[in-house]
Structure formats: C-alpha cells, structure tokens
Amino acid sequence: DNWQASLVSIPLAPNVAVIEYSNSEVSYGVFTNDPSMTSLSDLKVATIRTNSRSGFHREMEMAGAVIVEVDSLNQGYRMIRAGRVDAVLGVGIDGVAIGAPNPETLHMSVKLAVLPFTVFVNKNTPQGREAVRLLTP
C-alpha cells in the first residue's frame, strides 16, 4: 500500500496507527452539489470501497441510496463533477468537504455522524512513521 494518511476510516491492521484528537470533531456525511437535497432516496452515492463494511454504507442503503464504490475520495469528487454520481460520502469540518478540489460547490446534504477528529496513518512508509512520531505524545 502506498497511501500515507487518511481522515476516512481505514480497516484496522498492524500497519495502521489511529491518532484521535478528543478536542476536535469531524462530520461524516453525504456531499452534493444541491444544497436543497436532504434525502438519500435514489441518490447515486460514491463511497470508498473500504467503507462498504461500515455502518454508514448500510445506513445509506436502507435510506434508498444507490452505492457506487470508488477507489479513492478524489475519484468520487471527479465523478460528482462529471455528473456520474449525485453525491459523495465524505468527511467535513463545519460542512466543508475535506480534500475536495472544489469544496465551495459541495454541501453536506445529509449528516450521518459527528465523530472525534481521527487520522489514520500508514506506519509502513517512512513518512507515515515520521507522522506518527510527530503527532503522538
């Protein structure tokens, strides 16, 4: 794996360091281009493949969303810009999509959870090991 760090939940493994900040929060939710959209019914929602085992995935399916699995959050954002999906499951702070190339055009239409700000770091890379050293007490 060549990933460095993620704000999106990564399946726990020996190489994954989980660094949680109890004094900060992020929201997991569905971002769309349409601020008036409040229902998941019949929406095509891009989600990262690793989220397919999450409660968020099941919650969206139960609400009527059509799940489109993608390899990365960037791929999901490209697909919403191209009109291939209606929404992206992402992470936001104060309703702003973290990592989106065009966050000003996206709106958190449905908030699924508010969780502590958590960074998942790959300890198998030199940069990941350095990040863990710098970010943990």
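**The loop, then the helix**

Thr 125 counts as buried because its relative accessibility is 9%; buried means under 20% relative accessible area, exposed over 50% and partly exposed in between, with a 1.4 Å probe and protein chains only. This is a predicted model, in which local features need pLDDT of at least 70 and side-chain atom pairs count only at pLDDT 80 or more, while totals for chains, interfaces and linings use all residues. Residues are numbered from 1 along each chain as its sequence is written, and side-chain values use heavy atoms, with hydrogens and water left out.

Thr 125 sits in the loop between β7 (107–122) and α3 (126–135). Helices (H or I, at least four residues) and strands (E, at least two) are DSSP runs, numbered from the N terminus. Setting aside neighbours within four places in sequence, Thr 125 is in contact with Trp 3 and Gln 4, where contact means heavy atoms within 4.5 Å.

Lys 123 is in the loop between β7 and α3 too. At 33% relative accessibility, Lys 123 counts as partly exposed. Residues up to four places away not counted, Lys 123 touches Pro 14, Asn 15, Val 16, Ala 17, Arg 129 and Val 132.

Now α2, residues 73–82: which of its residues are buried? They are Leu 73, Gly 76, Tyr 77, Met 79 and Ile 80. Down the axis of α2 these fall within an arc of 160 degrees, so they line one face of the helix; the arc is that of the directions from the helix axis to the C-beta atoms. Just after α2, Gly 83 has a positive phi of about 80 degrees.
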